[in-house]
Amino acid sequence: MVPAFAAEGPDMSAAAPRVSFVSLGCPKALVDSERILTRLRAEGYEIARKHDGADLVVVNTCGFLDSARDESLSAIGTAMKENGKVIVTGCMGATPELIREKHPNVLAITGPQAYESVMAAVHEAAPPQHDPLLDLLPPQGIKLTPRHYAYLKISEGCNNRCTFCIIPALRGDLVSRPAGDVLREAEKLAKAGVKEVMVISQDTSAYGVDVKYEGSRFHDREVRAKFYDLAKELGELGMWVRLHYVYPYPHVADVIPLMAEGKILPYLDIPFQHASPAVLKNMRRPAHGEKTLERIRGWREVCPDLAIRSTFIVGFPGETEEDFDMLLDWLDEARIDRAGCFKYEAVNGARSNDLGLQQVPQEIKESRWHRFMQRQQKISAAQQQKKVGKRLPVIIDEANGGAGKGRTKYDAPEIDGNVHVTSRRPLRTGDIVTVKIERADAYDLYGQAV
Ligand code: SF4
């Protein structure tokens, strides 16, 4: 999840209507926020620093977990109190009754990706005063991420029906963007100085299935909306390309040589969620029948320094001690670099609540979570130690003279570890420098720029 914040932009005109914006939720919601902000700026709206004094507030909500819904409702409450004219969009917009129950006076509620409806509501509440001479919109759009990295959304929605997840109900089935559109956006980002793109979607490996991998124009050529084709083209744009939300289907093997050749980053974010076939089946996970350990072995044969990060759920209904032990054994075998772990939460509306499976008591969930974390921590620490003594390229996220914080190719922003760098020369945010790694702990690396 990305914390709430109000976005800012350059001042445009005293007469321009002012919109305060709150973005909650995952990177996919963040991309939605960027698109709405881009549209607002394109139409001459000013982005306000505070709710107070703005013409209206847009709140992009997250409805994935009950805790996220509470956070969204509280953000709407703050906006109502400090401003009073509030438009709600995002995942929680799919359940307007929950919002109206608490905040009956919000101006409008729209669902996720309903950019047109959000803009229509904004136009009604604060008509635009568009003046192209004052339009300072950068060609890559407004980005909420630092200037040197960006998220690149390649599709919306999801064709899977994992029983614990309500995203398909909120966001609908898979709709892939044409490859040409994605590549043009990526190219603009590269021209604007972005050094690293994170490819995101609900199911990146399923890209193009809905449009039967239809081709579209990019410069002088036709590019198919296909996982491999897109990864290959993105790898030509001179940025670090990182793949997120990939499932372990056989065709994932196709992109591994691109990683070995250094075209895209040797990194896969694969939400495995569990290792026990029985639990995976109850979860209805995509590719649940795949032999994941064999697959990982095969990928590493082609690209030995491949980093894998994943997330898991413990305490899913029906999970037995045997299932959980299987998960711990899997961790020992797979030796993945990073793993996040969640205790199962019965999300309102998720089918996993109605499968007739026995709920796992809270204290068992807690204890399994601790056992999981302890086991994985040891593995992550050992993986980290292997980097000590190496010279690795590091992208600098924060710089303060000769000290800075960055990431290797094996670490994504926000979710993985950092490299704490010292340097004789001043460091600059967005630079990619070579760092000699001197020591490591379970999460972070420490070293000297060379
Ligand atoms: S793959 Fe599963 S968990 Fe991910 S969005 Fe689709 S249904 Fe939800």
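A crossing of two helices is left-handed if the near helix is turned anticlockwise from the far one by less than a right angle, and right-handed if clockwise. By that convention, α1 passes α4 in a right-handed crossing. This is a predicted model, in which local features need pLDDT of at least 70 and side-chain atom pairs count only at pLDDT 80 or more, while totals for chains, interfaces and linings use all residues. Residues are numbered from 1 along each chain as its sequence is written. Helices (H or I, at least four residues) and strands (E, at least two) are DSSP runs, numbered from the N terminus.

**The sheet**
- An open sheet is formed by 5 strands in the order β2-β1-β3-β4-β5, with parallel pairing, where two strands pair if DSSP finds at least two bridges between them.
- Its edge strands, each pairing on one side only, are β2 (46–47) and β5 (108–109).
- Strand β1 (residues 18–23) pairs with β2 in the parallel sense over 2 bridges, and R18 has E46 as its bridge partner in β2.
- β1 and β3 run parallel and are joined by 5 bridges, with V19 standing opposite L56 in β3.
- β3 also pairs with β4 in the parallel sense, over 5 bridges, and here V58 stands opposite I87 in β4.

**Burial of β3**
- Because 6 of the 6 residues of β3 are buried, this strand is largely enclosed by the rest of the structure; a residue is buried if 20 or more other C-beta atoms, placed from the backbone, lie within 10 Å of its own.
- L56, V58 and N60 point one way from β3, V57, V59 and T61 point the other way, and all are buried.

**Helix α1 against α4**
- α1 and helix α4 (residues 115–125) pack with their axes 10 Å apart, at an angle of about 40 degrees; axes are lines fitted to C-alpha atoms, for helices over the stretch in contact, and angles run from 0 to 180 degrees between N-to-C directions.
- That angle makes α1 oblique to α4, since angles under 35 degrees count as roughly parallel, over 145 as roughly antiparallel, 65 to 115 as roughly perpendicular and the rest as oblique.
- R35, I36, R39 and L40 of α1 meet Y115, V118, M119 and V122 of α4, contact requiring C-beta atoms, placed from the backbone, within 7 Å.

**Helix α11 against α12**
- The axes of helix α11 (residues 321–334) and helix α12 (residues 362–385) come within 10 Å and cross at roughly 10 degrees, which means that α11 is roughly parallel to α12.

Definitions and conventions
Two residues are in contact if their C-beta atoms, placed from the backbone, lie within 7 Å. A residue is buried if 20 or more other C-beta atoms lie within 10 Å of its own, exposed if 12 or fewer, and partly exposed in between; C-beta atoms are placed from the backbone.
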